[in-house]
Amino acid sequence: MNIPFLGNRHTKSDEAVHARDPEGVAELLSECELLRSQASQEGVRLDDSAASLEALDQLLPRWRDDEESLPWLGNDAGLYLGTVIVRTVPGARWDIRPGGQAVVRLASGREFDVVTTGHEWASSGVPELSQLYAEVAET
């Protein structure tokens, strides 16, 4: 995922900003407005917990009929998954790759491209967000 406000080039100053304000980056990536709106309309409260991922997995995927919003919802689903991991798995943090792609890095160094996972979930429901979270939380 290329995050437009971070620009298309990854520079040492980007790394410095991320290093100085990882909480600010995490807060920005956690917004997920479209996903939060869709979930709220279905009565699901996204509270950054593993249980909320399970609730998302149970939603009837009405968004699949809207090809225009599907990519945005996929981005939001991935960023939300990443947010839950970063906030609940000890040592997990956001990392911005060159080019602006946001990934989650565990203390072990293992990386997860949560945005790609979010796109797959939004378009087909597989893998389930809660299933991936459970796998990540075990490691």
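Here are a few questions and answers about this predicted model. Residues are numbered from 1 along each chain as its sequence is written, and side-chain values use heavy atoms, without hydrogens or water. Because the model is predicted, local features need pLDDT of at least 70 and side-chain atom pairs pLDDT 80 or more, while totals for chains, interfaces and linings use all residues.

Reader: How many helices and strands are there in the chain?

Author: Good place to start! Helices (H or I, at least four residues) and strands (E, at least two) are DSSP runs, numbered from the N terminus. Along the sequence they follow the pattern α-α-α-α-α-β-β-β-α-α. The chain has seven helices and three strands.

Reader: Which residue stands opposite Arg93?

Author: Look at strand 1 (residues 93–96) and strand 2 (residues 102–105), which run antiparallel and are joined by four bridges. Two strands pair if DSSP finds at least two bridges between them. The two strands form a hairpin with five residues between them, and Gly99 in the turn has a positive phi of about 95°. In strand 2, the residue opposite Arg93 is Arg105.

Reader: Is Thr83 buried or exposed?

Author: Find Thr83 in helix 5 (residues 70–88). Buried means under 20% relative accessible area, exposed over 50%, and partly exposed in between (1.4 Å probe, protein chains only). Thr83 has 1% relative accessibility, so Thr83 counts as buried.

Reader: Which residues does Thr83 touch?

Author: Contact means heavy atoms within 4.5 Å. Leaving out residues up to four places away in sequence, Thr83 touches Leu29, Ser30, Asp48 and Trp94.
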